[in-house]
Amino acid sequence: MNNNFFDYFKSNKKYQNVIETIKNNSSTYIYNSAINPSKLISLSLFQQIKKTIVLVFPNIYEATIAYEDYLEQTEADQIGFFPVEELVASELIASSNNYRLERIKTIFNIINNVPQIIITTPEGITKNLINKQRIKESILKIKVNDTLKRDELINNLIIRGYQKVSFVENQGTYSIRGSVVDIYAINMDSPIRIDFFDNEVDEIKLFSVDTQRSINKINEVQIYPFYETIYEDSEIPDICKRINEHLELSDDIEKAILNIENHTNLDQMYLYLPYIDPTYQPFVDLIEDKCLIFFNLNKILEKEQQNNSELYEYI
């Protein structure tokens, strides 16, 4: 960021009043901000208050443009993106893989208390997720010498949405060769190779996607889930019971129950989140200490009315 610009805002009394208000409140809401100056102001704010700032744009197109713009203005690890497809369309088709990966990275930065500027839309801040504690517990932590059965690890990967392949090349996949399990975690730049000796983790190595050869050893690893909807096998009977109690049985419901039982098509299970986790919460509530800035509130409210109309027609 331009230092002269930053110095100007530091000396501006109105700006300092905004800073003090944000510092003294756990959640602050700023409406109808003009886009161009507010982009710069938000960067300046972030440098001073070091708390998460959520920027809400009217639609996914404007949010994407803003995200690309912010990446040019500051470090990539300070910018989070929480893109959500249009409301009704997201129920009818699988979520965009790239969008989902961006959301998961942003979610776990929140879980790990990493301050960031998050760019999203009204659909984003209101998107429901499993509760925060459940998200924390979904991180799979593995260390060398841990007692862990190979098949237990595989089941944990399936629960978290990882897909079995012959050779690991893409994030969200795993492969098995005897006592060796290769995994490409969503939160890692390189895949990992876990070698078991009986029911113990013998070695963990990073390896190259191109050569499939090991690079170096590591002592521990954390594996983030590949989907936002996570539940244990032990929860399935209660989930299915809640669905059967509240929804009329149909072909679609039967397919959904089958998917739930097999941990398949997890990106389409959003409709059933209240039955999977009755303690679900909107995305924005994951962030305890935040500032929200709404760009063009009138346009956002118009979009919300449109979403409600589309949802009514869809239902």
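A residue is taken as buried when its relative accessible area is under 20%. In this predicted model, Lys51 has a relative accessibility of 6% and therefore counts as buried. Its salt-bridge partner is Asp289, and the closest N and O atoms of the two are 3.0 Å apart. This pair links distant parts of the chain, 238 residues apart. Lys51 sits in the loop between α3 (35-49) and β2 (52-56), and Asp289 in the loop between β14 (281-282) and β15 (290-295). Asp289 has a relative accessibility of 39% and so counts as partly exposed, since that class lies between the 20% and 50% limits.

In total, 10 salt bridges were counted in the model. Side chains of opposite charge can pair when their charged atoms come close. A second case is the bridge between the side chains of Arg103 and Glu228, with an N to O distance of 2.6 Å. Because Arg103 belongs to helix α6 and Glu228 to the loop between β13 (220-223) and α10 (236-246), the bridge ties together parts that are 125 residues apart in sequence. Arg103 is buried, with a relative accessible area of 1%. Glu228 also counts as buried, at 13% relative accessibility.

Rolling a probe the size of a water molecule over the atoms shows where empty space is left. The second largest pocket has a volume of about 390 Å³. Its lining consists of 21 residues, of which Asp77, Glu102, Lys105, Thr106 and Asn109 are the closest to the pocket centre. Helix α6 gives the most to this lining, with six residues. By residue class, the lining of the second largest pocket comprises 10 nonpolar, seven polar and four charged residues.

An open sheet of six strands was also identified, with mixed pairing and the strand order β7-β8-β9-β10-β11-β12. Its edges are formed by β7 (163-164) and β12 (214-218), each of which pairs on one side only. Within the sheet, β9 (residues 180-184) and β10 (residues 192-197) run antiparallel to each other and are paired over four bridges.

In α9 (residues 150-159), the buried residues are Leu153, Ile154, Asn156, Leu157 and Ile159. An α-helix has 3.6 residues a turn, so residues three or four places apart point the same way. Just after α9, Gly161 adopts a positive phi of about 90°.

Notes
Residues numbered from 1 in each chain as written. Predicted model: local features only at pLDDT ≥ 70, side-chain atom pairs only at ≥ 80, totals over all residues. Heavy atoms only, no water. Pairing = 2+ DSSP bridges. Helix = DSSP H or I, 4+ residues; strand = E, 2+ residues; numbered from the N terminus. 1 Å grid on protein atoms, 1.4 Å probe; cavity = no way out; pocket = protein on both sides within 12 Å on 5 of 7 lines; lining within 4 Å. Points joined across faces, edges and corners; volume = space filled by probe spheres on them. Nonpolar A, V, L, I, M, F, W, Y, C, P; charged D, E, K, R; others polar. Salt bridge = Lys/Arg side-chain N within 4 Å of Asp/Glu carboxyl O. Buried < 20%, exposed > 50% of the residue type's maximum accessible area, 1.4 Å probe, protein only.
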